[in-house]
Each structure stands twice: as structure tokens, then as C-alpha cells.
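Colleague: Before I plan any reading of this structure, could you take me through its salt bridges and a helix packing, one question at a time?

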Amino acid sequence: MNFIWLFVAVLAPASFTNSAEIRRTFTENKIVNDGIEIQHHPDFGLDISQFLEKYGYPLESYEITTEDGYILTVHRIPHGKDGSQKTEDLDRPPILLMHPLVCSSIDMVNLGPDKSIGLLLADEGYDVWLGNVRGNAWSRRHISLDPDGDAAFWNFTFDDIGLYDIPATIDLILNTTGREQLSYLGHSQGTAQFFVMNTLKPEYNRKVNVMVAFAPIAYMKNITQPLIRWLADNMDLVYGVLADLNINELLPYNDFLTNLVHSFCCDGCGLQELCGDFIGFLVGFDRDQLDGSFIEVMASNAPTGTSTKNIKQFGQLINSGVFGRFDYGILGNLEIYGQLSPPEYDLSLITVPVALYYGGNDTLSLPHKKLFIFNLPKWKNTENNCKALEGQVPSLLLLWTPKR
């Protein structure tokens, strides 16, 4: 789970800005200052259209409206990079990639050709679809609610994403391609919302042939990151303060953070190693798995926003150790669910083959394997579908390690 940016919300002013506008303030990628060469990453600030055009990949964009009125943007890479061996003529099976918390579609490709999971799949013959969930930079719209003026826009959690956003995205893909099934790959929150969908709408089991989970989250009692543990322990207080301040959106794209990272975390900027150590503190240490020059690209693409209510639900899961719906308190639960506590998700309803991949040094989403194995019917009596990658890869770096 990508809680990496949570504390920044109280340190930096929130303002949504196209990252390409930020890039235009830095016209020089290489600067020599007092004999020290400062090298900025050439992909800093590129949006997904600019990024894919630069590297020779096609891009298609689609819009869908969910049953509850959110307007989502879905991106598609229909074939591999220009010049590859007639990849557009292949029978390309569709696969849907879903990003982590407060990220977006570009985070599935921005490590670049021959490295990022999205581009590797496109070059290997897949029809790659990149989703964007409600509230992020590409899906910050609604048929009647204004995200900048209506608190009701932000009244959602990953419960709603799994119930509405993911089914709508899958239906778009299958209707567009004429296929009966697709493959699904999710990272962190992208895994939780899949589990939600296939328990609340089990008919979608028939529409997915395999689910691949990077840094899976559901049973979250194992999380050890101290800052996240503190936030979870004090979630009611934190959520109450945010509510008193009428803050319903957390971590939208932030030009202050982007400029800060661009100025201090680039090659030759002097503090890049410290920036890497800070990321390591948040998600798990492994210097070999993080390309320091890529940090400013990460910050120019994320965070892209979510609701305070969504963050609160993750805190509830950490504290309870169960995978269940949002907890409204006794009276609220009685009114909404007809019972004192929120219902738990019944993973036994998931019949899709599931493979979980996690980092051995993961402090954010180390899975409770025994609970997964017990609850997922395809896993009875086997642990073969739960694998650690590269020994000590942290959760966040499953997407962004060049040594996957």
C-alpha cells in the first residue's frame, strides 16, 4: 500500500497542476554549479501521452461513467513500440493493470521500456489497459458533483472502487475487444479493490482468467512501518481534525512537493542519498532496488489524490486485522449494514486463480499468507501461489525496481 505521501498533506499546500507545466520551469536537464554537474532525469514531468510518444508506444484514451456517476479515464496501449515485429497484427489478449493508492496509470509504465511492467507486457504481445480510479488526476470528475466544491464527491473508499470502478472498467475492455475474459494485475490498493469486486459481484469471476497481485493487501495486521502504525493507532483523531478543517481530499498532485524533489533529489543535487533513505524508511530499505535518479520522476507523477475516508478505511483494516467494509460505528453500521460491525469480505467467493507477489523487506503490505491461503478456495493446501520477489524488494519498488 502506498502511504508514502500521507504526511506531506500537512506540510505542503494542495494544488492540482499538470506536471508538464512544472517541467517547463526547468528547461535545462544538465546544469554545472560550482564544478558539480547536476543532472535532471529527462522524463521528469512528462504526462502519459508525452511519455509514451517519446518512447514510440501508441496510446488510446477512453472515458466511462460508473453507476454512481464518476467519470473515469482508461488508457490503452494496444501494441508494442513502433518498429517492433508487427505486434499490431498479433492476437493480443487484454490485460488490465491497476495502480496503487494515490497513483495513476502512468505509474505502471514510467520506469520505461524493457523495465516497466506495462511496457514489457505490451512488447510481449498483450493488449495493455491502464485503469484510473475515482479521485486521481485522470478521474477527478462526476456527472453532478464538483471535486473542488462538493464534499460528497469524496465520500468513497476502495469499497466503492471495487463495487463500481473496476467492474465498469472491465466491461469497457471486454466490450471494446469482443473478448469474454481478461487478465488482471493490481498493485497494493489495486489488489484490494479486486477482492472487493469479486466478493460483492461474484459474477465477475467469469470475466477474469487470472489475477496477479503485486504487494497484496487485505489482512493488514502485519504492517510494521512505524509512521503508518502511529497514523492507524490515531486514525480517529487524525480523521476528526481533517473533518473539522473540511479537508475531504488528501494528496492531490502538488507542485510544491514536485519542485522540492526536483531540486534536492536529482543526480548531483547533494541530497539524493537522503531522499532514497527517506523512501526506504517509509517502504523498506534496499538501496540496490532503487534508482536514485528516478526519484524525481516518481514525484512528478504521484501522488494524485484520494479521499480522507479511503485513508481512514485502511487505518481501520490495520487496527482490526480483518478484511471488511468501512466501519461507521455501531449506529452507522446498524443503519447501513443492519449489524453492529461492518461485514467481512468473503474471499471464498473468489474463484479466479490468484498469484500473490510481495517483497521480503516490505513494511507496508507483507501479506498474512495463512489467512489468504485459508480463505481463497484455489489455494487450499498449497502455498505455491505466494512468492517473495528478489528477497528484500520493498512494496513500492515492485513497480519501480530496475532489477525485478
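Colleague: Is Lys-54 buried, partly exposed or exposed?

Modeller: This is a predicted model, and the answer rests on its computed accessibility. Buried means under 20% relative accessible area and exposed means over 50%, with partly exposed in between. Lys-54 has a relative accessible area of 42%, so Lys-54 is partly exposed.

Colleague: With which residue does Lys-54 form a salt bridge?

Modeller: The closest N and O atoms of the pair are 2.5 Å apart, and the two residues lie 11 residues apart in the chain, with Lys-54 in helix H2 and its partner in the loop between strand S2 (36-39) and helix H2 (48-54).

Colleague: How many residues apart are Lys-312 and Asp-236?

Modeller: The side chains of Lys-312 and Asp-236 meet in a salt bridge, with 3.8 Å from N to O. Lys-312 is buried, with a relative accessible area of 13%, while Asp-236 counts as exposed at 60% relative accessibility. The pair links distant parts of the chain, with Lys-312 in helix H11 and Asp-236 in helix H7 (residues 235-244), and their separation is 76 residues.

Colleague: Why are helices H6 and H11 described as roughly perpendicular to each other?

Modeller: Helix H6 (residues 226-233) and helix H11 (residues 308-320) pack with their axes 8 Å apart. Angles of 65 to 115 degrees count as roughly perpendicular, and H6 and H11 are therefore described in that way, the angle at which they pack being about 95°.

Colleague: Which residues of H11 make the contact with H6?

Modeller: On the H6 side the contact is made by Ile-228, Arg-229, Ala-232 and Asp-233. The residues of the contact of H6 with H11 divide into 3 nonpolar, 2 polar and 2 charged. From H11, the residues that make the contact are Gly-315, Ile-318 and Asn-319.

Colleague: How many salt bridges does a search of the whole structure find?

Modeller: For the whole structure, the search finds 12 salt bridges.

Definitions and conventions: Residues numbered from 1 in each chain as written. Predicted model: local features only at pLDDT ≥ 70, side-chain atom pairs only at ≥ 80, totals over all residues. Heavy atoms only, no water. Axes fitted to C-alpha atoms, helices over the stretch in contact; angles between N-to-C directions. Helix = DSSP H or I, 4+ residues; strand = E, 2+ residues; numbered from the N terminus. Parallel < 35°, antiparallel > 145°, perpendicular 65-115°, else oblique. Contact = heavy atoms within 4.5 Å. Nonpolar A, V, L, I, M, F, W, Y, C, P; charged D, E, K, R; others polar. Salt bridge = Lys/Arg side-chain N within 4 Å of Asp/Glu carboxyl O. Buried < 20%, exposed > 50% of the residue type's maximum accessible area, 1.4 Å probe, protein only.
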